[in-house]
Amino acid sequence: DGLASAMPPSGLVMTQLYRATLQPEGELVSLGAFGDSFYEYLLKQWLLSGKTEPMYLEMFQRAASGILQQLVVRSGGKPAYIAELELGEKTGKMDHLVCYAGGMFALAWAECPSCGAREEWLE
């Protein structure tokens, strides 16, 4: 599948892709506007397939790992948040649509008991 081969090893995809080539356009990675649905629908597509299309689960797990490793910001006892990456650097900004990420991770946790990193999804 073209989308799977275009996904970088980190699982983090730019918010804008050229439709014909699936190559990145711009330098922003975000779970906010333009980015939230991509990650959410990886998980939902796997669920809609009756959990028979492992490619979508694998892509979601890769993306979830990238989100937790590169976008989650924890700061000395304060609540964690999911930042954006612009030009490869964390911006310190959390878009308002990132509020749906908690539900996405909770759904993944509930629907994939065999997923290895699932406990991290609820932290």
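**Cysteines and core at a glance**

Cys115 counts as buried, at 5% relative accessibility; here buried means under 20% relative accessible area, exposed over 50%, and partly exposed in between (1.4 Å probe, protein chains only). This is a predicted model, in which local features need pLDDT of at least 70 and side-chain atom pairs count only at pLDDT 80 or more, while totals for chains, interfaces and linings use all residues. Residues are numbered from 1 along each chain as its sequence is written, and side-chain values use heavy atoms, with hydrogens and water left out.

**Cysteines**
- Cys115 is joined to Cys112 by a disulfide, with an S to S distance of 1.8 Å (a disulfide is a pair of cysteine sulfur atoms within 2.5 Å).
- The count by this rule is one disulfide.
- The torsion about the S-S bond of Cys112 and Cys115 is about 80°, so the disulfide is right-handed.
- Cys112 is buried as well, with a relative accessible area of 4%, whereas Cys99 is exposed at 53%.

**Nonpolar core**
- A nonpolar core is a set of buried Ala, Val, Leu, Ile, Met, Phe, Trp, Tyr and Cys residues joined through side-chain atoms within 4.5 Å.
- The largest one has 28 residues, of which Leu31, Tyr39, Phe60, Ile67 and Met104 touch the most other members.
- At least two residues of this core come from each of helix 2 (36-48), helix 3 (54-71) and helix 4 (101-111); helices are DSSP runs (H or I, at least four residues) numbered from the N terminus.
- Helix 3 contributes the most, with eight residues.

**Around Tyr39**
- Leaving aside neighbours within four places in sequence, Tyr39 has contacts that include Leu31, Phe60, Ile67 and Met104 (contact means heavy atoms within 4.5 Å).
- Gly11, Leu12 and Val13 are also among the residues in contact with Tyr39.
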